[in-house]
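Open the model in your viewer and keep the selection tool ready. Each stop below says what to select and what is there.

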Amino acid sequence: MDNFYIITNQEKDSDYGTTRKIQQYLNRRGRRCLTPFDGPLPKDTQCLIVLGGDGTLIHAALDFVEYNIPILGINLGTLGFLTALEKDEMWEGLDRLMADDYRVEHRMMLVGTVYKGGVKVKEELALNDIIVTRSGFSRLVETKVYINGEMVDTYAGDGVIASTPTGSTGYNLSAGGPVMLPESELMVVTPICPHSLTARSIVVSPDDEICIEVGHRRKTQQEEALVTYDGQTVVELESGDSIRIRRAAQQIHLLKVTSRTFYEILRTKM
């Protein structure tokens, strides 16, 4: 690889010291390495280098998904489950990248379409998960889950998560959902704190369509809920509103330059 572009989380690299060191390191070796300070992303960019943590990587992936450019994440945060390199590994990792000694992991994404009164009002992509959750602090929210138009169940609780394999180690895991191999093509629906002893996650195929509808538990009260895409985009929902979730046409391509396996990462970081 010869042409790079760096995206930096300023909170993790406040003086851009690490950013500048990487840029100089690559430029001295005859590669072109630019940052947003140098201008917009060139069309011939071969790799996005993302400095930060998982949140930074997800944000960059969504911002640049239409460019279809592989991403190398360097962890300057805490967990760094999605990033390929820790800070003390980055020089060796960059050398491997320049020598084309890497592999690419292709990660599926979700697209979620919000409907109000049968009218489409919002459509966004997500790499990790799309979540319908209650907006109040004390009340439960009722959610009805359908797969391909057939009702699966109605849950009273804090909400429902629809997750990709990449997102299965995030909120889905905290809610008791299964861990899935990141390159697998599956979706999982996990109820959040359901008021039930029998509610469990459901794994479905990538060609299925998930529909989550906000119910109405009390005759005198509108249910209030929110839908979030990777914890960023927020849409307010009321009773009768729904979101349809399916596999997106786009994928995210993550570069790996070490021999660490997914199971090793699970052991060491989880």
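**Before you start**

This is a predicted model: local features need pLDDT of at least 70, side-chain atom pairs count only at pLDDT 80 or more, and totals for chains, interfaces and linings use all residues. Residues are numbered from 1 along each chain as its sequence is written, and side-chain values use heavy atoms, with hydrogens and water left out.

**Stop 1: helix α2**

Select residues 54-63, helix α2. Helices (H or I, at least four residues) and strands (E, at least two) are DSSP runs, numbered from the N terminus. The buried residues of α2 are Asp54, Thr56, Leu57, Ile58, Ala60 and Ala61. Buried means under 20% relative accessible area, exposed over 50%, and partly exposed in between (1.4 Å probe, protein chains only).

**Stop 2: Asp54**

Stay in helix α2 and pick Asp54. An unreviewed UniProt entry annotates Asp54 as "active site". UniProt positions are given in the numbering used here, feature names are shortened, and annotations may be inferred rather than shown by experiment. Is Asp54 buried or exposed? Asp54 counts as buried because its relative accessible area is 18%. Show its contacts (heavy atoms within 4.5 Å). Not counting residues up to four places away in sequence, Asp54 touches Leu79, Gly80, Phe81, Leu82 and Thr83.

**Stop 3: the two pockets**

A pocket is an open set of points on a 1 Å grid over the protein atoms alone, with protein on both sides within 12 Å along at least five of seven lines; a cavity is a set of points where a 1.4 Å probe fits but cannot get out; lining residues have an atom within 4 Å of a point. Grid points are joined across faces, edges and corners, and a volume is the space filled by probe spheres set on the points.

The largest pocket holds about 180 Å³ of space. Its lining has 13 residues; Asp54, Ile58, Leu82, Asn128 and Gly170 lie nearest its centre. Colour the lining by class: four nonpolar, seven polar and two charged. Ala, Val, Leu, Ile, Met, Phe, Trp, Tyr, Cys and Pro count as nonpolar, Asp, Glu, Lys and Arg as charged, and the others, Gly among them, as polar.

Next comes the second largest pocket, with a volume of about 150 Å³. Select its lining: His59, Leu62, Asp63, Val65, Glu66, Glu124, Leu125, Tyr229, Gln232 and Thr233. Which element gives the largest share of this lining? Helix α2 does, with three residues.

**Stop 4: the cavity**

The structure holds one cavity of 30 Å³ or more. Strand β17 (residues 242-256) gives the largest share, three residues. The lining has seven nonpolar, three polar and no charged residues.

**Stop 5: strand β17**

Strands pair if DSSP finds at least two bridges between them. Twelve bridges join β17 to β6 (residues 103-116), running antiparallel. Find Glu105 opposite Leu254. Four bridges join β17 to β14 (residues 210-214), also antiparallel. Here Glu213 stands opposite Ser242.

**Stop 6: Thr35**

Finish in the loop between β2 (32-34) and β3, at Thr35. Thr35 counts as buried because its relative accessibility is 5%. Leaving aside neighbours within four places in sequence, Thr35 is in contact with Tyr5, Ile6, Thr19 and Gln23.
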